[in-house]
Amino acid sequence: MSERLRIGYIPLVDATTLLVAVDQGFAAAQGLDIELVREVSWSNVRDKLNIGLFDAAHLLSPVAIASSLGLGHVRVPLIVPFNLGINGNAITVSTDLFAVLSDVSDGDITDPKVSSRALARVVAERKKRGAEPLTFGMTFPFSNHNYQLRFWMAAAGLDPDEDVRLVVLPPPYMVESLASGHVDGFCVGAPWNSVAVDSGIGRILHFGCEITEHVSEKVFALREKWAGENPNILAALMRALARASEFAKDANNLSTVANIVAPRLGVVSELVVRTLTGSLKIDADGAVRHSENYIAIGGRDVNRPDAVQAAWAYAQIVRWGQAPLSQDLCARAQNVFRPGIYDAVLGSTIEPRLTGPRDGIGAFSGPDFDAHDIAGHVSAWQTKRAYRPRLSVVR
Amino acid sequence: MSIGKRNLVQTRKGSDLPTQGALPADQRDAALRIAIVDESSVRAAILEDGLREAGFTQVERIGETRNLLTRIYALDPDVILIGLENPSRDVLEQMFQMSRAVKRPVAMFVDQSDSASIQAAVDAGVSAYIVDGLKKERVTSILDLCISRFNAFARLQSELDHAKDALEERKVIDRAKGFLMKAKKLTEEQAYALLRKTAMNENKKIVEIAESVLTAAELLK
C-alpha cells in the first residue's frame, strides 16, 4: 500500500533532488505517492508545513531554525534529516552601480573585500551629497540572501540597517525592480541573477560562495512531531531522496535531470544546466564566471545535515538582532539538524569532510567560525552599535 | 511561550495603542483600520463591501504590490488581509523585524490555541496580520468574514467557470445537431435524440459524441 504525502516546494534549482525523487520514480519505488505542491512564498510553505497541510517541505535553512525557535511567529519544532542544497545564490547589481563601484575600486573587484570597500565609499559619498541610500533586495528576513548581503556590506564597516535599505522582494519581482530603479542590487538564487544579466540591466558581482564558501541553503524539513510518529515513512522518504541525489549528481544524467526540473520551475532546461554546472554569464557582453562551488545538490557531503551549519544560521540570526543569544537557543537550533537520522536510515558513518573550508563555512572575512563560540563570532564584528534582539520590536 | 511572543509582550507600550480602549464598544471596531492587499480587484471589492456592511468603515484596498511596505506604513493599518496566492506575503514578513520606518508593530495572527481558524483561513486562501496588542477577539469577526467572503468568491469563480464550460458544450452540441440535420435530413429533435442515444450506448457524455461528430464532419468536408 502506498503512502500519500503532500510536499511543498518553491520553484528553484535547489529543489532538484526532491523533484527528481518524485518525477524519476524513486519515491514510488519506496512505496510513496507524493503530491508536489508548488508555492509562491516562503511564508506559505512555512505555514502549510506548520499546520499540517504539508507533510514535508523544501525550505530555507534559516526558516527551519526560526520556526523551531518561534522567532516572530508561532513556534513549531521542525527537523531537518536531509539537506537539499549548499550555496546557489549570487549578488547582482545594476549596471549603473557596477560602473560606480568599479570607479572607486582599489583593486580586483571580483574580490569581495575590494567590492565591499568600494560599496562603503559609494555609500559615504552618497550620504555626503544627501542622496537616497542604496536599496538592495533579498528574498526573506530569515535567508542566506539577507545574511550574505549583510555579511558582505558589514565587512567594510557598513551598518546594513542604517547605511543602506534592505527590502524583501519575491524573486519573480527582482529583475523588474532592478530595471525600474526600485533596487540597486539584490541577492537571490537561480535563475533570477541570470535573467537580470540576460536582459542587460544587471551584472553578477559575486557568487554566494565567494561570500561564504559552504552554507546550507535549502533543507528538507518536517514537523518533529510528525517525524516521530511516522518513522517508517520518514525512512522511505530519506531513501528516495538519497537515491535521487546520487542520480542528480551523476554528470551522465545532467540532461535528464534538467528536463525533469525545468518544467517544474517554468524555465528552459539549458538554464538549469548552466546553474547546476556553475557556469554563469555575469555581464551583458557574455563574460562567464565558473565555480565548482556555485551550487551543490547531490551527494553525502551535501545531504548529511551538519550541526555547524545550524549554528552558523543561528549566529547570523543573533548577529542581526533577530533573536537573543543563549546557550539554550543555540542548542535548540543545532538540534533542528539531525545527522543522526541520516546516518541511521542511510547507514552512513561519521567521517571527516574531505573537502571544503576548515571551519565548515569559509567566510571571506573575519575569524574562523567556531560553533561553540557564537558570542565570539558576533562580537568579532561589533561596529557602530550593538544589535539587540528586536524581533517585532519597533519604534 | 515562544521568544517572538515574549518580545512582543516586553516591547509593547501602552501608549503605542491609540485611544481605542477609551471608545464605547460599538465604535471600537469601526475605528479599526483595515488594509486589503489583493491583486484581484473583484475579490477585494467583495471583501470591502462585507467589511463595510459589518461596520468597519476604514477599509483600504492595495491592488498594486510595488512599494508595498511604504504604502502600508502610510496607511498605518491595524489589520492587513492578504491572499495566499500573493507572493508579496513574504514582503509583509519583513514588518516584524525592521525597526526603521515602521511606526507600529505588526504581528501575524497565529496562535497555537487557534489552529482551527488558521486552518479555515488557509483553506480559504487568506492570511491576516494584526497590529501588536490588538485583542484576538476583536479580529476574529474580521477573519471569519474574510474567510466566508474568500470562500464565496471561490464558489462564484467556479460557478462562473462551470457556466462558461456549459455554454461551450451547448455550442458544440448545437453545431453537431446542425451538421446531422443537414447530412441526414433530420429534425432538430431527431438529431438531438440521435446524439443522446449514441452517448448512452457508448457510455459517453453527449458533448463528447458531438465533438466526434464535428471532427468527422471536418474530415468529410
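**Close-up views of a predicted model**

**View 1. The six-stranded open sheet of chain A.** In this predicted model, six strands of chain A form an open sheet with mixed pairing, in the order S2-S1-S3-S10-S4-S13. Its edges are strand S2 (32-38) and strand S13 (295-296) of chain A, each of which pairs on one side only. Strand S1 (residues 3-9) of chain A runs parallel to S2(A), and seven bridges join the two; within this pairing, Gly8(A) stands opposite Val37(A) of S2(A).

**View 2. The crossing of helices H4 and H16 of chain A.** The axes of helix H4 (residues 61-69) and helix H16 (residues 307-319) of chain A come within 10 Å and cross at roughly 75°, which means that H4(A) is roughly perpendicular to H16(A). On the H4(A) side the contact is made by Ser61(A), Pro62(A), Ile65(A) and Ala66(A), and on the H16(A) side by Gln309(A), Ala310(A), Ala313(A), Tyr314(A), Gln316(A) and Ile317(A). By residue class, the contact of H4(A) with H16(A) comprises seven nonpolar residues, three polar residues and no charged ones.

**View 3. Tyr314(A) and the nonpolar cores.** The largest nonpolar core contains 170 residues, and those touching the most other members are Ala221(A), Tyr314(A), Leu81(B) and Ala128(B). Helix H12 (residues 231-249) of chain A gives the most to this core, with 10 residues. Leaving aside residues up to four places away in sequence, Tyr314(A) touches Ile65(A), Leu329(A), Cys330(A), Ala333(A) and Ile374(A). A second, separate core has eight residues, among them Ala176(B), Leu195(B), Ala210(B) and Val213(B).

**View 4. The five-stranded open sheet of chain A.** Five strands of chain A make up an open sheet, ordered S7-S6-S8-S5-S9 and with mixed pairing. The edge positions are taken by strand S7 (165-168) and strand S9 (202-207) of chain A, each pairing on one side only, and from one strand to the next the twist averages 25°. Strand S6 (residues 135-138) of chain A and S7(A) run parallel and are joined by four bridges; Thr135(A) has Arg165(A) as its bridge partner in S7(A).

**View 5. Helices H7 and H8 of chain A against the five-stranded sheet.** Helix H7 (residues 144-154) of chain A lies across strand S5 (89-94), S6, S7 and strand S8 (185-189) of chain A, and runs at about 60° to S5(A). Helix H8 (residues 171-179) of chain A packs on the sheet as well, touching S5, S6, S8 and S9 of chain A, and the direction of H8(A) makes about 155° with that of S8(A).

**View 6. Helix H1 of chain A and the glycine that follows.** Helix H1 (residues 16-23) of chain A is mostly covered, with eight of its eight residues buried. The buried residues of H1(A) are Thr16(A), Thr17(A), Leu18(A), Leu19(A), Val20(A), Ala21(A), Val22(A) and Asp23(A). After H1(A) comes Gly25(A), which has a positive phi near 90°.

How values were computed
Residues are numbered from 1 along each chain as its sequence is written. Chains are lettered from A and ligands numbered from 1 in the order in which they are written. This is a predicted model: local features need pLDDT of at least 70, side-chain atom pairs count only at pLDDT 80 or more; totals for chains, interfaces and linings use all residues. Two strands pair if DSSP finds at least two bridges between them. Axes are lines fitted to C-alpha atoms, for helices over the stretch in contact, and angles run from 0 to 180 degrees between N-to-C directions. Two residues are in contact if their C-beta atoms, placed from the backbone, lie within 7 Å. Angles under 35 degrees count as roughly parallel, over 145 as roughly antiparallel, 65 to 115 as roughly perpendicular and the rest as oblique. Ala, Val, Leu, Ile, Met, Phe, Trp, Tyr, Cys and Pro count as nonpolar, Asp, Glu, Lys and Arg as charged, and the others, Gly among them, as polar. A nonpolar core is a set of buried Ala, Val, Leu, Ile, Met, Phe, Trp, Tyr and Cys residues joined through C-beta atoms within 7 Å. A residue is buried if 20 or more other C-beta atoms lie within 10 Å of its own, exposed if 12 or fewer, and partly exposed in between; C-beta atoms are placed from the backbone.
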